[in-house]
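Keep the viewer open as you read.

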Amino acid sequence: MARPPLDGIRVADFTWVWAGPYCTLQLAHLGADVIRIETKTRPCVTRMLPPWPGMKPGGLNRSGYFNQYSQGKRSITLNFKDPAAHEVARKLIARSDVVINNFAHGVMDRMGFGYDDVRKIKSDVIMISLTGYGDTGPYADYIAYGPAQVPLSGLSALTGYRGWPPMHAGFSYADPNGGVHGAFAILAALYHRGKTGQGQYIDMSQWECAMGVLAEGLLEYTMNGREPERIGNEDPWMAPHGIYRCRDRPGQVMGLTVDQFVAIAAADDAEFKRMAGAIGRPELGGDPCYATLAARKAHESDLDVIVAGWTAGRTAVEAAAILQAAGVAAAVVADNKFLSEEDPQLKAREYFVYKEHPEVGTLQHCGIPWKMSRTATAVRAAAPCIGQHTDEVLGQVLGYGAEEIAKLRAQGALD
Amino acid sequence: MAQALANLKIVEIGELASAPYAAKLMADMGAEVIKIERPGAGDRARDRGPFPGGAAHREKSGLYLYLNTNKLGVTLDIARPEGFALLERLVADADVLVHNVAPPEMDRVGLNFDRLHQINPRLVMTSITPYGLTGPWRDLRAEELTVWSAGGVCVLNGAGLDHPELPPLKTFGNQSGFQGGVHGAVATMGAILAQVRDGEGQHVDVSCQEAIASQLELTFEYWPYMKVIANRLGKKPIQPLEAMECKDGWIYVCCVEEHQWKAFVGLMGNPAWAGEELFRDRLQRGENWEALKIFLEEWVSQQTVMDLYQKAQSRRIPFAPVSTMGDLLDSPHLKARGFFVEIAQPAAGTHLYPGAPLKFGATPWAIRRPAPTLGQHNAEIFGGRLGLDAARLAELTRAGVI
């Protein structure tokens, strides 16, 4: 295998929480040397959140949240209350290709690491700020938290059961969506730098990246002046199209039994005919109430009752397998347990990563969502403990001697 | 100013969102994209809308028009030998082929990397498929709903403990396609940088399911770390983090840090109930959410959205409106940033579209041309560039190859 694509590219990673770390995770996946600049005086919140092995909190290195999104990165600790820490950071920037942060607007400027400062240290640097609202505009100083960005983006207004209030996406979707768009932008800027020698600054607004992935909703408004209605799991052009309850109840959440579900989508009349046969009701394929899309949409609730009656007698895995064998789009509505233990596809593709971590041992983490035929595609190491690589980076990358490092540590600059 | 990807040549065989979005991201940064569609029907996104006036029309679909800006459009049936030969000629001169042809169809038409690599060793071929090009699910039929479900998101969303009878809920739109697309664009750009370095291309195999599973926040790790199932029926550990109804719309009430909660209590005029032991800290507020909700709903219902949003933000409380589409189009912030851009296209007319997802200091994002009509650039590409004469073009058109 050839070296990974970003081998030799160094990233000074000032990010925390989720959007920024998800961005730099993509760069680490591509082989960049991502160095997270952390501080023990105010650790990343994800180091302190669950899940913890054995449900026991303790320390800053045991969170599955942090350990998922910092795989393959190095961690150094710097306490910016000490001017010497600024000097270390300046040296790191001088040896980096990319500087990235997702602090609130203006924080990097106040720390002395705004773009104008940074490019004086390294003239061809690529710097990106991942913020909730972007660097300009009247709300640039507003603060953004992951869960609130989903409703802000418009996605909540578009998502929900028919006739119900707006719903969420179920996770802080604008964070990883912004992060992965940021990674694309950095790669485009690296390509441009390779051609021209020119670095640049990139202003990313999570809000705007999120609106880019709900364009159909916005266009219904700009083209027709209408707010799209919420249609739950239905689709304007397919029926049946839904999530149906199955027989199996494999687990408990908050004392409640959790049902399993199967998702089913029949794209056209031919697929519906195959589906009708697979569920033992071949006559439906020729029934005028169901034979065409228009007819199925007109009788969708009756059709859903028929489908739900069939799925209720089967496990989700059985129902999905029967439909898939007939060439019908169907899938188990996977939860984390299913993905982790039962999904045969992820297992066969060796998607999951098992790397030894000094405090949590060898646990399962999600891996790289692509494979490359010529260059290596592998997570190099488990997520770092806080400050695990401070000596290594200061010594090997920045050229500090052991005595200098000891002195910096003694004065608290490396906390 | 030059655009960042002005030198790149890309061929796309894409339908709906995934491969088209990957190619759009690169086209909008300056790459030349030749999009190949099926003769006659074209990309399925052409049938999905929204349509101006509501009536379906293949040249007026909002989803298609958004996803295919800056592309040259040709029609080509790559299942026919003459069609595949033309694809080979296009690919011979390209840096990238990005596609989302389903794996069984790839096998049927002989679309594989080894074949194209022989023609062009520098080619990066990116295959964006629902489940990837290996494994037992490789050939499964898939749609947006089934892939988003298989990736693990739907189970997290929907009604909670108050309505456990309702099913998990799909997120609006084509999110699995968009995520396959943007992750595909990241992997493709990585492979391009390696191509520039080594002079050689490669095959990139992107799984939409894996792209989704890799962004499940902290929920996935609840199983490996704690053997706990993450599910929409779970209780949020901290509160308030909920959409609530004001007089004129919905607002997302969000207090993560203690100082944010204290500031919110101050904003509400320090009501006596807020001092109750039940609401002492964020974990207690999560535990006793049913009680807290009643007080908050009562107060929030008397507010207006924008007024509460601005009052909260001025106290550094991270509330946000539950934006309607109209709110977004009217937003003074988005207007000041020039987010929405006007695009004129002959059939659909002139409309506002979402604009640049990121602002580059040196290499602008730009709309150079609207999405192509079906086969709009057949003569320019097959005639002008590949040198087919008019008679041959007419013959291929008649035969349904282009």
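Chain B has 17 helices and 12 strands, where helices (H or I, at least four residues) and strands (E, at least two) are DSSP runs numbered from the N terminus. Bear in mind that this is a predicted model: local features need pLDDT of at least 70, side-chain atom pairs count only at pLDDT 80 or more, and totals for chains, interfaces and linings use all residues. Residues are numbered from 1 along each chain as its sequence is written, while chains are lettered from A and ligands numbered from 1 in the order in which they are written.

The C-alpha trace of chain B spans about 85 × 45 × 45 Å along its principal axes. Of its 402 residues, 58% are buried; that label takes 20 or more other C-beta atoms within 10 Å of a residue's own, with 12 or fewer making it exposed, anything in between partly exposed, and C-beta atoms placed from the backbone. Take the contacts in chain B between residues at least 6 apart in sequence: 71% join residues at least 24 apart. A contact here means C-beta atoms, placed from the backbone, within 7 Å.

Now zoom in on strand β5 (residues 124-129) of chain B, where 6 of 6 residues are buried. V124(B), T126(B) and I128(B) point one way, and M125(B), S127(B) and T129(B) the other. β5(B) runs parallel to strand β4 (residues 96-99) of chain B, joined by 4 bridges, and also parallel to strand β6 (residues 202-207) of chain B, joined by 6 bridges. Strands count as paired if DSSP finds at least two bridges between them. M125(B) has a bridge partner in each neighbour: L97(B) in β4(B) and H203(B) in β6(B).

What about the other chain? In all, 128 residues of chain A are in contact with 127 residues of chain B. The largest share of chain A's side, 14 residues, comes from α8(A). By class, that side has 81 nonpolar, 35 polar and 12 charged residues; Ala, Val, Leu, Ile, Met, Phe, Trp, Tyr, Cys and Pro count as nonpolar, Asp, Glu, Lys and Arg as charged, and the others, Gly among them, as polar.

Key
Contact = placed C-beta atoms within 7 Å.
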